[in-house]
Amino acid sequence: MIEWLTDTLVMTGALMALILLVRRPVSRWFGPAAAYALWALPVLRLVLPPLALPRGLFARPEIAAEPVAATHQAIPAAVQAIHPLAATDNVPAMSAGEIDPGILSQIPWFQLAVAIWLIGAAVFLVQRFRNYRLMRAELLTDAHQVAHAGDIRIVETPMAASPLAFGVRNKVVALPQGFLATVDSESSDFAIAHELEHHAGNDLLALIVLQPLFALHWFNPLGWAAWRALRADQEAACDARVMAGRDRATRARYGRVIASFAAGPRLTLAAPIAGALAGEKPIIQRLKALATAEISPGRRVMARSLFAFAVISVPCTATVTYAAMEERDGAEASDVPQVPEVPSVPAPAAPSASLQYGSEDGEVPPPAPAPEAPQAPEVSEAVAVSDGSWMPAPPVPPVPPVPLSRGSVPPAPPIPPAPPRSLERDRQAADRQAARADYRAAMANALRNVPKVEQSTTADGKIQTIRIVHKGEDGRREIRQTISIDSTCPADRQQSASRNRGGSSTHICTGVPLQAMNASLRGISTARASIASNRSLSSRVRSEILAELDGEMADVRAEMADQSDR
């Protein structure tokens with residue numbers, strides 16, 4: 001476990017350092033979204049488990065160590081005479097202020113450092129989430145909801161200095177008090193769209209997921225620099241999503257809105273529109289990112305391919321361990337029962353050659369070759385005969401059929417042959433044709449009962465007539481309903497409806513209402529009176545305006561007279 005933690009600390013630190021070096025070129029070539037996606041690589045390495053390999057996969061060097069025994073040499077008498085202390089084994093006592101070096105060597109410094117490191121990481125996480133809960137409670141104390149977008153609440157609160165988004169399950173966008181009333185509509189739309197995009201892109205969830213990574217690097221200045229760079233890349237990626245497909249003029253106005261909120265608060269697990277930034281340099285970088293052109297489709301494909309290759313390469317940094325295989329091998333070895341040693345039996349002494357072969361001169365004749373044993377014949381292929389020879393075995397007779405008893409079941413009768421395939425095919429075709437005929441008859445009957453809609457319009461296009469026609473049983477047309485839409489009569493006139501033996505008739509007026517005409521006439525008259533009484537205008541300009549107003553009043557009166565005649 002300690003080995004995995006230390007490897008994870010080193011490898012995630014190396015990945016963060018690499019991302020800090022390449023994030024700017026990646027943002028220029030592939031867009032802010034690609035630079036923001038790079039921060040997923042240290043998180044993948046953080047959750048990567050150790051990789052267990054077989055013990056014999058890679059050869060490991062083994063160093064043979066020989067035990068060295070300590071020897072005590074006698075001190076010569078001449079040395080004892082010169083140095084009396086050398087003749088004794090007593091060590092001079094240390095003073096009270098000195099520390100025995102043996103005590104310091106017994107302290108587990110590495111385990112103590114790891115414990116301090118993990119305690120600091122736990123304190124870091126507790127402090128981060130505690131500050132977030134306090135910030136959320138403070139912002140929502142005197143807040144009142146002004147709008148909502150789906151499940152996201154938009155509130156105004158006096159504790160917010162700039163628009164910001166927070167919350168993963170209970171999503172909120174907090175605006176300063178009176179923000180919608182004091183800020184122009186376009187700027188407020190930009191600010192709210194930016195914060196809503198934080199929720200849509202799950203940026204707040206990403207901040208929470210990344211907290212364990214930065215908790216491991218709480219003592220590392222590289223981790224704090226990576227945190228600031230991550231927040232800057234997150235805000236730039238959010239800007240790119242909001243301004244996707246917009247022209248340069250709109251991007252410039254959006255950049256002015258971002259710059260106006262640059263002095264906002266720096267929060268930990270919230271996403272303000274200005275971001276958790278220090279100084280004006282990150283704002284300038286975001287404005288430069290807005291000024292860049294859209295990323296081409298070819299570069300997007302290249303960015304996705306490189307990111308996939310980087311994700312695949314992360315397991316190469318995993319912690320490799322052989323502990324699991326060694327423990328299993330040891331367990332297997334312990335399970336094997338030990339075989340007791342077999343006592344050695346002394347071999348008898350070989351007799352001399354002269355005694356063995358009865359030779360007096362000591363020459364040893366070669367031993368006679370041993371006769372080969374005859375091979376036994378296979379029983380299935382041959383049998384022995386009385387004279388000792390072998391002959392082939394007779395064939396085995398077949399087993400006679402067993403006669404049926406009185407209570408046995410007789411065999412099943414043979415299956416009748418299948419009918420010819422041509423007859424079956426003809427029968428299926430006839431069934432399909434009958435089904436089609438029934439379907440056509442049913443559709444014809446249903447279409448006969450479906451009403452038909454006829455539409456006609458007068459030559460001037462002002463009156464439109466709609467008729468709903470049915471076919472009777474004898475095939476004749478029957479007009480069941482007639483609807484007339486008349487644009488020449490005022491809409492505030494009550495529509496007329498009548499019913500006769502053939503069907504119903506409805507007349508609907510869609511022209512300009514008389515009340516609207518009267519209101520228009522009164523407004524024009526009031527405007528004419530004010531122009532006529534305005535002496536600051538020249539007589540020529542006043543006369544031209546009055547003439548135009550008189551013409552409009554005449555047109556309105558003529559239209560009112562025309563509709564009243566109808």
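Predicted model: local features only at pLDDT ≥ 70, side-chain atom pairs only at ≥ 80, totals over all residues.
Figure 1. A search of the whole structure finds zero disulfides. Cys238 is buried, because its relative accessible area is 0% and buried means under 20%. Cys316 is exposed, because its relative accessible area is 71% and exposed means over 50%.

**Figure 2. The whole protein, for orientation.** The protein has 566 residues, and 26% of them count as buried. Its secondary structure comes to 18 helices and 14 strands. Consider contacts between residues at least 6 apart in sequence: 56% of these join residues at least 24 apart. The next views turn to helix α1, which spans residues 2-30.

**Figure 3. Helix α1 against helix α6.** Helix α6 covers residues 109-139. The two helices pack at an angle of about 60°, and their axes lie 12 Å apart. That angle makes α1 oblique to α6. The crossing of α1 past α6 is left-handed.

**Figure 4. Side by side: the residues between α1 and α6.** From α1 come Ile2, Leu5, Thr6 and Leu9. They meet Phe110, Val114, Trp117 and Leu118 in α6. By class, the contact of α1 with α6 has seven nonpolar residues, one polar residue and no charged residues.

**Figure 5. Helix α1 against helix α10.** Helix α10 runs over residues 221-242. It packs with α1 at an angle of about 45°. The axes of α1 and α10 are 10 Å apart. The pair is therefore oblique. Here, too, the crossing is left-handed.

**Figure 6. The residues between α1 and α10.** On the α1 side, the contact is made by Gly13, Met16, Ala17, Leu20 and Arg23. On the α10 side stand Leu222, Gly223, Ala225, Ala226, Ala229, Ala232 and Asp233. The contact of α1 with α10 divides into eight nonpolar, two polar and two charged residues.

Technical notes
Residues numbered from 1 in each chain as written. Heavy atoms only, no water. Axes fitted to C-alpha atoms, helices over the stretch in contact; angles between N-to-C directions. Helix = DSSP H or I, 4+ residues; strand = E, 2+ residues; numbered from the N terminus. Parallel < 35°, antiparallel > 145°, perpendicular 65-115°, else oblique. Left-handed = near helix turned anticlockwise from the far one by under 90°. Contact = heavy atoms within 4.5 Å. Nonpolar A, V, L, I, M, F, W, Y, C, P; charged D, E, K, R; others polar. Disulfide = S-S within 2.5 Å. Buried < 20%, exposed > 50% of the residue type's maximum accessible area, 1.4 Å probe, protein only.
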